[in-house]
Amino acid sequence: MISNILTWAAQRRLASIDHFRQHPLAAQQQVFEGLLHTARDTAWGRQYGYAEAPSRQEFAQRVPVSSYEQLYPHLERMLQGEADVLWPGTTMWFAKSSGTTNARSKYIPVSRQSLHDCHYRAGRDMVAMATSLYPEADVMAGKTLSLGGTHTANPFRPHTDSRVGDVSAVIMQNLPAWAEFLRTPPLELALLDEWEEKIERIARHVQYIDVTTLAGVPTWMIVLLRRVVELAGAANITEVWPNLRLFLHGAVAFGPYRELFRQLIPSGQMRYLEIYNASEGYFAFQDQPDCEDMLLLLDHGVYYEFIPAEEFEAEHPRTVLLEDVELGRNYALVISTNAGLWRYKIGDTVRFTCLAPYRIRISGRTKHFLNAFGEEVVIENADAALAAACAATGALVRDFTAAPIYFSSTDGASRGGHQWLVEFMQAPADERQFAQVLDETLRQLNSDYDAKRYRDIALVVPIVQAVPAGTFERWLARKGKLGGQHKVPRLSNSRDIIDEILDQLNN
């Protein structure tokens, strides 16, 4: 009965989802006007004349597109407790995410409005969508197992109630009672800061819970599931949780992990849905059962603009509005939010796969791609090629990173290439074939890469080097980024990460 009531309550949001599907531009106009009206009396709103109700075109002319570094002086004032800077009132919570180009952590404001009208509303919508797509799964009948990070005192004002932490920890700590009732483990375990202890204690707790849904990052969920299976003495996770039906996954591409999850959860009733939930907001989720394209959420307190690929490096990039995007093109995401991020470059790139309704796929990061030789390899290419290599050789990948081998490298290479460090959970039957399929798939997917690989003139076959289990976790631990949503950058034009990991292995 409780499951039926909760499902009914969640599905009341389906009408709102259908509305912004059918009226996307009206939904975005309403969000835009609401944001400017609410922030008109802030320091930022007064500076850029929000009270004058500028049009979207005027807004784009007045307000600069900002990176984190450019917005940081205003964010620092908020961190120090100043009110009405970017958003009305005093912001008490900040999502702390990976460091930027100058190696600092990023502190992203999380307002009361962004928690309730973005993160929680999108969470309810995701539940509504899941119960609509898979009514037979009855996912509300049990618990949702969610993994998160931790939060600590705001270092800018440590003796106040202000906190900073992983966005998942911020969300969990502030969940309404009804949502907390649906999830496991309890907060005292979910918010532990020592990651190895957290995994162990959560695994021991949840093996006795009726878990029907998983939610989290695939890399860390794998670690937890394997430990649960081990503790239970089971062959796979379905013997522990026979009613498990759904995994809501995000943060990294799922393709390289699909086979591993199939082995861990060998059930024909298991379903997978992708979500796009970041520190800055909850932007999209999968709304079709057999297609990983994600529906862009247009009435959740986020106003969207898009930078075309040719403008990524421009000092003052041109943006296009939602109604002007084109299918198949890569765009950098620019957001204005109900937490006070104004025309903020989040760093992600997306590709539109449908315009009615607006659906996207995450194609990469503006700073995480391989383009040392004009090859323009993005995360989407790398994930697809890795999945193909795994399928061809029976391999299972835990994690990976890749970087260029430059012409002037110390090994005296006369041509460039790519070096991949891969942590396998199951090694390929033939390592040479793995590298070959990886290369061939990249050539099929990316014409720029294919052109550079022509007769090995500019690029040679990539070097794939297997690294021992736990290599990437140890690197993250040394950086103070083990756990939560932190992950090793998958692609980089700098060799710093690969060289650090190789030095770690040699020492």
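1. A salt bridge here is a side-chain nitrogen of Lys or Arg within 4 Å of a carboxyl oxygen of Asp or Glu. Helices (H or I, at least four residues) and strands (E, at least two) are DSSP runs, numbered from the N terminus.

2. This is a predicted model, in which local features need pLDDT of at least 70 and side-chain atom pairs count only at pLDDT 80 or more, whereas totals for chains, interfaces and linings use all residues. Residues are numbered from 1 along each chain as its sequence is written, and side-chain values use heavy atoms, with hydrogens and water left out.

3. Buried means under 20% relative accessible area, exposed over 50%, and partly exposed in between (1.4 Å probe, protein chains only). Lys106 is buried, at 9%, and Glu280 is also buried, at 11%.

4. The structure holds 27 salt bridges. Among them is the pair Arg453 and Asp456, at 2.4 Å from N to O. Arg453 is buried at 4% relative accessibility, while Asp456 is partly exposed at 27%.

5. Salt bridges with shared partners join Glu310, Glu311, Arg318, Glu326 and Arg329 into one network. Within this group, the side chains of Glu326 and Arg329 meet at 3.9 Å, N to O. Glu326 is partly exposed, at 41% relative accessibility, as is Arg329, at 26%.

6. Helix 7 (residues 112-133) has 22 residues and spans 30 Å from its first C-alpha to its last, close to the expected 32 Å. The expected span is 1.5 Å times one less than the number of residues. Helix 7 bends by about 30° at Tyr120, where the bend is the angle between axes fitted to the seven residues ending there and the seven starting there. Tyr120 is one of the buried residues of helix 7, which also include Cys118, His119 and Asp125.

7. In helix 18 (residues 496-506), the buried residues are Ile497, Ile498, Ile501, Leu502 and Gln504. They cover an arc of only 155° around the axis, which puts them on the same side of helix 18; the arc is that of the directions from the helix axis to the C-beta atoms. Asp496 and Asn506, on the other side, are exposed.

8. The buried residues of helix 18 pack against strand 16 (396-405), strand 17 (417-426), strand 18 (463-466) and helix 17 (471-478). Contact means heavy atoms within 4.5 Å.
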